[in-house]
Amino acid sequence: MNDDMRRPGAAAPPTIPARDKAVYIRGAWHTGCGDKPLEAVDPSSGKVFADIAPASAKQVSLAGQAAAEAFSEWRSLSGAARAGHLRGFSDGLRARKDELVALQMRNNGKPRSEAMIDVDDAAAAFDYYAALAADLDGRQGGGFMLADPGLADPGLAGRTYFEPLGPAALIVPWNFPLVTTAWKLAPALAAGCTAVLKPSEFTTLAELVYGDLADETGLPAGVLNILPGAGAIGAALVADPGIAKVSFTGSNATGRQVMAGASERTLPLSLELGGKSPIIVLDDADVEKAAEIAAAGIFFNCGQMCSATSRLLVADSIADDVIAVLRAKTRRMVVDSPDNPHAEMGPITTEAQRAKILTYFLKARVDGLKCLEGGVARTEADGFFVEPTLYLDVPFHHPIWREEIFGPVLAIARFSDEAEAVALANDTEFGLAAAIVGGDPDHAQRLARQVVAGHIWINTPQIIFPNTSWGGFKASGIGRELGPHGLAAYSAVKHLTVATRQEAKHA
Ligand code: NAD
């Protein structure tokens, strides 16, 4: 579909930032000096609708320098002053909601309702960390007496400060561009770090809004810098001497490279990586609710979620009923361009990602897996569409059961006792998220304690609040985002031990 053929009532075309407005360094926009333009593709049509000049290696170095030079001014501001800027970001995101929704519908293929959630979630993160930044002032220098239990008072007191780590490299993927960035940028700025953002080469356009918001809130020049580019720009950023902290979200393969790069200078590192998360449906679960939560957990954002619950473990006694409802829901799903206001699932965001999903479909056919629904691309539409897909009784060694597919593909298995369900849930290299659906919430919570995952939803779809925590066990990453943990990821504790009596002075 081209622009002229968009449906009546379809979203207005998004505003495309000018080409000379791509690289943001030291509070000013520059033309990217990198070689190969990045293409913004509409995944509903497969057509390029904008190109972006990426940053060059020299611009990486300028951005690193700018972030390093801005650090001492930014860190010396009070938390309350930094909070004012953060609120400017959340206000600005909300003021541009329509524009950002349109851009994400076009560039990510997100249905309108999902694109709207992204803007709201990004704004909520800035509000939350504004409050934490303001609160930080009262926590700085907190004092306490030092003593060993049972020993005489040594006349010493302790004090604790939370110091920002320095200029932070923020490297993000394409599936929730505004949100993933907000979960890094907001706590980094709140803690007193400056930042260099490297958006995904596939979804750069929406991310450029953060430069506009920096201008609008009067953020001191150099506190935020943005470098569009592909992986090489990310690697150069990690290696840049100006950078003192790395926060990366993306695939495990890239995460390992980032970890190797960060290890060269022993940089503090946060990694948010992949998942193969389980959803356990217990025998006392409400069938309709279980099917609804299972469908949302794998079809939201076309399954392109690190937290997608892509392995359904359902109790034998209700398995047939849950599977029947799930199949009916899957068949009814409206899969179409976000221009269709009834679309519940859009296209896969990138052609490469769709190709990857199709290789799993092929493997499933070759290996004779039982495909209940989908398992094919949508050939009648242009663009990168695939059918929402269910496989039943997938062998536990099969790649469809074990590997992160990052698409709307659910592998289903039945279990006869809960210990077996927990063992199967935990039999994975990942440990990012999980869901449990059951009639007795207390029992489900007790079971959750046995599941190795950083975030577990019980009887609810995947809603994420900024004051929770985000991150995984095992190969799903290192560290936590969101909540106070997110702020701690950009700070280090400084402790003072202070003599409180004159006579404690050295003789
Ligand atoms: P990716 O690893 O290909 O790319 C992520 C980012 O890293 C991009 O900006 C990319 O340009 C950059 N990059 C690539 N090579 C680099 C290098 N050598 N050094 C530094 N940066 C480099 O991931 P993707 O395909 O964009 O995203 C999908 C993956 O992200 C999935 O595996 C998914 O599970 C994961 N993810 C995890 C979370 C989480 O919170 N745990 C959230 C979203 C996505």
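An oxygen atom of the ligand sits 3.3 Å from a polar backbone atom of glycine 250, a polar contact (a pair of N or O atoms within 3.5 Å). The protein covers 88% of the 850 Å² of accessible area that the ligand has on its own (Shrake-Rupley method, 1.4 Å probe). Please keep in mind that this is a predicted model, where local features need pLDDT of at least 70, side-chain atom pairs count only at pLDDT 80 or more, and totals for chains, interfaces and linings use all residues. Residues are numbered from 1 along each chain as its sequence is written, and side-chain values use heavy atoms, with hydrogens and water left out.

**Ligand shell**

- The ligand is surrounded by 28 residues (a heavy atom within 4 Å), and the closest are Lys198, Glu201, Ser251, Leu273 and Glu404.
- Serine 251 brings a polar side-chain atom to 2.7 Å from an oxygen atom of the ligand.
- A nitrogen atom of the ligand is 3.3 Å from a polar backbone atom of alanine 235.
- Helix H8 (231–239), strand S10 (245–249) and helix H9 (252–263) each supply at least two shell residues (DSSP runs, H or I of at least four residues for helices, E of at least two for strands, numbered from the N terminus).
- Because domain 1 (14–273 + 479–493) and domain 2 (277–467) both give residues to the shell, the ligand lies between them; the domain bounds come from an automatic or database domain assignment.

**Glycine 79**

- Glycine 79 belongs to helix H2 (residues 79–95) and is buried at 1% relative accessibility (buried means under 20%, with a 1.4 Å probe and protein chains only).
- Beyond neighbours within four places in sequence, glycine 79 is in contact with Ala133, Ala134 and Asp137 (heavy atoms within 4.5 Å).

Note on methods:
Polar contact = N/O pair within 3.5 Å; in protein donor to acceptor, adjacent residues only side chain to side chain. Buried < 20%, exposed > 50% of the residue type's maximum accessible area, 1.4 Å probe, protein only.
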